[in-house]
Amino acid sequence: MPKRSLLTGVAYHGNRMPTHVRTDMAEIARADMDIVVHMLSHTDWTRHKRVMKDIFAITEDAGLEVWVDNWGLGGAPGDCSHFLAFHPDAHMYYSNGEMHPTQVCLNSPDYRKFVRDWIDTVAELGAKTIFWDEPHYPYKRSADDRKKLFYCCCCPRCQKLFEERYNRPFPTFMVEKEFDEDVSRFRTDVLLDYFGEMSDYAASLGLKNVMCVMLNPNHGLDLSSLDGMCSLPHLDNVGADPYWLGHEGVSPYEYVYKGSKKCVEIATQYKKEHNVWIQTYKTPRGREEEIVEACEAAYDAGARTILAWGYMGSESNTYGAEVPLRTWNATVEGMRRIRAMERDRILAENRKKYKF
């Protein structure tokens, strides 16, 4: 079956009851979508493994492609990982010496083994694609000087590696517009090394690798620094999530259009596939129509794999939309409108080609 020129989809989480999953997957299929992103958290791995295999199969039976999200394995985004309870030496640390309570250092050899075991599980459960969700470094602003940003990871392991590489100690803080170039390069190199290893391993098991990054450069990986990640041979698809809610005074169309266009340009430059996300979580009452606008903005910018986070406005989460059903209706409407636009585009090309 030939691949569609436009793929749409949605993230799905919060439910582990196959009876309800069947109903929800049928609803997503009726919305003419193509992809469902399922979470496989540490808790899912330990408590819902058999159920997750069933959920993946139910999704595929509905004609939908499964992407598996590394949700919370090493901290945000997602649920808390249990890994640090067994490996307390693997915590990230801020540059002021404060331990991050939930984020795992990517240089931890124990964590890397843990993630490889998780990849084995993804393959065992029958999935074919891993979705590496928003890789980033946490940061926090100083309480007494908002211009100071304390960054991660400055754990003893990373400090030692940094000093060996640059023959100098880690800086203790950074000023927002004077980010230390050595720190920036070191953090990017760590991400490249980690995801190079993981994507290579996943590919060796026949799995496809998809990634999405944030738009905030303070997190260490954003669209402006995605070039290096695109050099990874087994990273197949790169994307971004131009989420406009929370940015007061911005035009949803303009914000999504600019972020999507930049993402598509980078992916095209490196001959990668792409993915762009539309925010449906945290949708305030009365702003649901912005979802339709955002879908069209992403499409107009050239995006052809467009997904929503998430199903029913992520109503199972504390960050769920205020009116989940209206949010879902707007999501379906937005996706159907761009589907119609794509069909019209193809039809117009065929008419021109065959001179009808």
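Trainee: At what angle do helix 10 and helix 11 pack, and how far apart are their axes?

Mentor: This is a predicted model, where local features need pLDDT of at least 70, side-chain atom pairs count only at pLDDT 80 or more, and totals for chains, interfaces and linings use all residues. Residues are numbered from 1 along each chain as its sequence is written, and side-chain values use heavy atoms, with hydrogens and water left out. Helix 10 (residues 289-300) and helix 11 (residues 324-354) pack at about 30 degrees, with their axes 8 Å apart. Helices here are DSSP runs of H or I with at least four residues, strands are runs of E with at least two, and both are numbered from the N terminus. Axes are lines fitted to C-alpha atoms, for helices over the stretch in contact, and angles run from 0 to 180 degrees between N-to-C directions.

Trainee: What does that make helix 10 relative to helix 11?

Mentor: Roughly parallel. Angles under 35 degrees count as roughly parallel, over 145 as roughly antiparallel, 65 to 115 as roughly perpendicular and the rest as oblique.

Trainee: Which residues of helix 10 make the contact?

Mentor: Ile 291, Val 292, Cys 295, Glu 296, Tyr 299 and Asp 300. Contact means heavy atoms within 4.5 Å. The partners in helix 11 include Ala 330, Met 335, Ile 338 and Arg 345. The residues of this contact divide into 8 nonpolar, 3 polar and 6 charged. Ala, Val, Leu, Ile, Met, Phe, Trp, Tyr, Cys and Pro count as nonpolar, Asp, Glu, Lys and Arg as charged, and the others, Gly among them, as polar.

Trainee: New topic. How many residues does helix 7 have?

Mentor: Helix 7 (residues 181-204) has 24 residues. From first C-alpha to last it reaches 34 Å, close to the 34 Å expected at 1.5 Å a residue; the expected span is 1.5 Å times one less than the number of residues.

Trainee: What caps its N-terminal end?

Mentor: Asp 180, with a side-chain oxygen 2.9 Å from the backbone nitrogen of Asp 182. Just after helix 7, Gly 206 takes a positive phi of about 85 degrees.

Trainee: And how does helix 5 pack on helix 7?

Mentor: Helix 5 (residues 109-124) packs on helix 7 at about 30 degrees, with the axes 10 Å apart. That makes helix 5 roughly parallel to helix 7. Among the residues in contact are Tyr 111 and Ile 119 of helix 5 and Tyr 194 and Met 198 of helix 7. The contact has 8 nonpolar, no polar and 5 charged residues.

Trainee: At roughly what angle do helix 6 and helix 7 cross?

Mentor: Roughly 115 degrees, and their axes come within 11 Å. In helix 6, Leu 161 and Phe 162 are among the residues that meet helix 7, whose side includes Val 183 and Phe 186.

Trainee: Okay, backbone next. Where are the cis peptide bonds you flagged?

Mentor: One joins Ala 76 and Pro 77, with omega about 0 degrees. Pro 77 is in the loop between strand 3 (65-69) and helix 4 (83-86). Another joins Cys 152 and Cys 153, again with omega about 0 degrees. Cys 153 is in the loop between strand 8 (148-151) and helix 6 (156-166).

Trainee: What is phi of Glu 134?

Mentor: Near 45 degrees, a positive value in a residue other than glycine. Most residues other than glycine have a negative phi. Glu 134 lies in the loop between strand 6 (129-133) and strand 7 (139-141).

Technical notes. A polar contact is a pair of N or O atoms within 3.5 Å; within protein, one must be able to donate a hydrogen and the other to accept it, and residues adjacent in sequence count only if both atoms are side-chain atoms.
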